[in-house]
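Here's a quick briefing for anyone opening this structure for the first time. Take a look at the sequence and the fold, then read on.

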Amino acid sequence: MTPPGTSKLPDFGTILAELGDDHVLTVTLNRPEKLNAFNQQTLDDFSDLWRYAAEEDAVHVVVLQAEGERAFCTGVDVVEGIERHVNPFSDLDPGTSLSPKLNRCWKPLVCAVHGMVAGGALYWLNEADIIVAAEDATFFDPHTTYGMVAALEPIGLVRRIPIGEVLRMVLLGNDERMSARRALEIGFVSEVVAGDRLRERAHELAALIAAKPPVAVQGSVRAIWESLDTGRSQALATGLAYTQIGNSIGKAQIDRQAVKKRKYEVR
């Protein structure tokens, strides 16, 4: 019988996943020949992934990165497509599979992005807790260029960056790309590094987070993200409840006197 909180990492078709001894689950988009565009298998893979990550106590943090030199992800695979319900009122947003918070996974997500980051790639970035970008990363939404309404990804994005930046990206489509430098200026990404440092830096940050008491981290993530869906007073009341629920557990997971003083970074 499998002990509680211990489960086998699922088998995936379009992503690679490895759980390290440091409690960091590294997930790699693995369709470089398709610029890591997602198909139905990718949606299924991420549904399984977020369920595993949410339920597996050994997972403290998730890092999402991508294979290939040209792109982190260019959105949906327009050749293969994804399954759509014939009844539009039964059809689901792909984000219901791709997005961690929509799947009730409160483990922090660190995204390491490079190259083209387009369209549906924003499903992940919109719900990331930290985004680290390579110097060559560019961000754009091509929907309107191809006659499609840009709604779902931008609605998520407008909760991260100024609405004017979202509208500029949506309306200009393929005619303009946001640079990593500009993404840093507006707070979309929190750090820009050389390409050969991208994965290492993302893992460094993830490992620092993973070393902290997991209940404290997950409660913090949940309280902050859920506050976006409610008013201030309700958010504060819910946040207080989470401290009352989580603090006694989290403080028991660490010896405060034994916490080593370490050199910290200033950015």
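Predicted model: local features only at pLDDT ≥ 70, side-chain atom pairs only at ≥ 80, totals over all residues.

Helices (H or I, at least four residues) and strands (E, at least two) are DSSP runs, numbered from the N terminus. Residues are numbered from 1 along each chain as its sequence is written, and side-chain values use heavy atoms, with hydrogens and water left out.

**The chain as a whole**

- Nine helices and 10 strands make up the count of elements in the chain.
- The radius of gyration (taken over C-alpha atoms) is set against the globule rule, which is 2.2 Å times the number of residues to the power 0.38.
- The chain's radius of gyration is 19 Å, close to the 18 Å that the rule gives for 267 residues, so the chain is as compact as a globular protein of that length.
- Along its principal axes, the C-alpha trace spans about 60 × 45 × 40 Å.
- Buried means under 20% relative accessible area, exposed means over 50%, and partly exposed is in between (1.4 Å probe, protein chains only).
- Accessible areas come from the Shrake-Rupley method with a 1.4 Å probe, and for residues only the protein chains shown count as cover.
- The chain's accessible surface comes to about 14700 Å², and 55% of it belongs to carbon and sulfur atoms.
- A contact means heavy atoms within 4.5 Å.
- Take the contacts between residues at least 6 apart in sequence: 72% of them join residues at least 24 apart.

**Aromatic pairs**

- Rings of Phe, Tyr and Trp (its six-membered ring) pair if their centres lie within 6.5 Å; planes under 30 degrees apart count as stacked, over 60 as edge-to-face and the rest as tilted.
- The structure has five such aromatic pairs.
- In one of them, the rings of Phe46 and Trp124 have centres 5.0 Å apart and planes at 45 degrees, so the pair is tilted.
- Phe46 sits in helix 1 (residues 40-55) and Trp124 in helix 3 (residues 122-126), so this pair ties together parts that are 78 residues apart in sequence.
- Phe46 is buried at a relative accessible area of 0%, and Trp124 is also buried, at 0% relative accessibility.
- Phe139 and Phe188 give another tilted pair, because their ring centres are 5.2 Å apart and their planes are at 55 degrees.
- Phe139 belongs to strand 8 (residues 138-140), while Phe188 is in the loop between helix 6 (180-185) and strand 10 (191-193), so the pair ties together parts 49 residues apart in sequence.
- Phe139 and Phe188 are both buried.
- One aromatic cluster is formed by Phe38, Phe46, Trp50, Phe72 and Trp124.

**A charge over a ring**

- A charge sits over a ring if NZ of Lys or CZ of Arg is within 6 Å of the ring centre and within 35 degrees of the ring normal.
- Arg177 lies over the face of Phe140, 4.1 Å from the ring centre.

**Nonpolar cores**

- A nonpolar core is a set of buried Ala, Val, Leu, Ile, Met, Phe, Trp, Tyr and Cys residues joined through side-chain atoms within 4.5 Å.
- The largest core has 47 residues, and the members that touch the most others are Phe46, Phe72, Val113, Trp124, Leu125, Phe139 and Phe188.
- Helix 1 supplies the largest share of this core, with six residues.
- A second, separate core has 15 residues, among them Val61, Val63, Val132 and Ala134.
- Leaving aside residues up to four places away in sequence, Phe139 touches residues including Val113, Leu125, Met169, Arg177 and Phe188.

**Residues to look up**

- Val59 is buried, with a relative accessible area of 0%.
- Not counting residues up to four places away in sequence, Val59 touches Leu19, His23, Leu25, Tyr52, Ala53, Lys107 and Gln218.
- Ala252 lies in helix 9 (residues 232-252) and is exposed, with a relative accessible area of 65%.
- Most residues other than glycine have a negative phi.
- Leu35, in the loop between strand 2 (24-29) and helix 1, has a positive phi near 55 degrees.
- Arg104 has a positive phi near 60 degrees, and is partly exposed at 45% relative accessibility.
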